[in-house]
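Here is my note on this model, written as numbered points. Please keep the structure open beside the text and look up each residue as it is named.

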Amino acid sequence: MAIRKAMVAGNWKMNGSLELVKQMSDAINDVKSQEMDIVLFPPFPLVPAMIASGVSTGAQTVSENTPGAFTGEVDGQLLKDLGATYVLVGHSERRSIYNESNETVAEKFARAQEVGLTPILCVGESESEQENGQTEQVVAAQIDAVIEKLGVAALKDSVIAYEPVWAIGTGKTASPEQAQTVHKFIRDKIAALDSTLAQGLSILYGGSVNEKNSELLFAQTDIDGGLIGGASLKAESFTAICNSAKGTV
Ligand SMILES: O=C(CO)COP(=O)(O)O
């Protein structure tokens, strides 16, 4: 069972450089602590350098397939063999730009676990879905696709990240209360199937998290940390966010 623990994850998206790996890993190695997990998700070519720097490293996506004729795809086993530990599945940019369906995301989740990588399942509603009051329905369907394929027990060795699409890269963060409501909905939904598992699950919030708003977000009962985009590219901001997560779970 994954242990519920504070976690701050940095998703670099298609940004970063070898120089930034060096700068960021030096900064993170200074703030690391036993009470929390800090993980960075650089673009694929920077994964080996990040692993070598001593920072826990994940990939931003993974193929749902086993090795074969899939030009341009990246196999999970290779990532695992390199020393990666996590993988993001179902990030909203993968869902919207690369048309990944809930079912494809569930297949990627399965492949990640098959090779021993911990999937971080990203869920979240779009702006229009939020305006139409469909947040819970959308998030439930995204989680149900994994539960239907693999059973609820598969969530034991995973992390969930709630990232409302309207808050990503927009500077419009969900309020701590708004985010807490959705996090509680997610935990209660899973608790209805397995309460011990739900209590042990880390649920991260993502969407315009910065060093000014992180403390209040992480103070919420069901928010166990964050998945950070833009602010994970700046050492000062990212380490301040990491420090604000210490001792919150
Ligand atoms: O998509 C995100 C992390 O995966 C969030 O991005 P921002 O923090 O830049 O809004």
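1. Among contacts in the protein chain between residues at least 6 apart in sequence, 72% join residues at least 24 apart, where two residues are in contact if their C-beta atoms, placed from the backbone, lie within 7 Å. This is a predicted model, in which local features need pLDDT of at least 70 and side-chain atom pairs count only at pLDDT 80 or more, while totals for chains, interfaces and linings use all residues. Residues are numbered from 1 along each chain as its sequence is written.

2. The protein chain has 11 helices and eight strands, which are DSSP runs numbered from the N terminus (helices are H or I with at least four residues, strands are E with at least two). For 249 residues a compact globule would have a radius of gyration near 18 Å, and the 17 Å of the protein chain agrees with that; the radius is taken over C-alpha atoms, and the globule rule is 2.2 Å times the number of residues to the power 0.38.

3. Of the 249 residues in the protein chain, 44% are buried (20 or more other C-beta atoms lie within 10 Å of the residue's own; 12 or fewer means exposed, in between partly exposed, with C-beta atoms placed from the backbone).

4. Which residues does the UniProt annotation "binding site" cover? According to that unreviewed entry, they are Asn-11, Trp-12, Lys-13, Gly-169, Ser-208, Gly-229 and Gly-230, although such annotations may be inferred rather than shown by experiment. They span 220 residues in sequence, yet no two of their C-alpha atoms are more than 13.9 Å apart, so they gather at one spot.

5. In the model, 14 residues surround the ligand, and the closest are Asn-11, Ile-168, Ser-208, Gly-229 and Gly-230; a residue is near a molecule if its C-beta atom, placed from the backbone, lies within 6 Å of it.

6. Ser-208 lies in the loop between β7 (203–206) and α10 (214–218), and Ser-208 is buried, with 20 other C-beta atoms within 10 Å. Gly-229 sits in the loop between β8 (225–228) and α11 (235–245) and counts as buried, with 22 C-beta neighbours inside 10 Å. Leaving aside residues up to four places away in sequence, Gly-229 touches Asn-11, Lys-13, Ile-168 and Gly-169.
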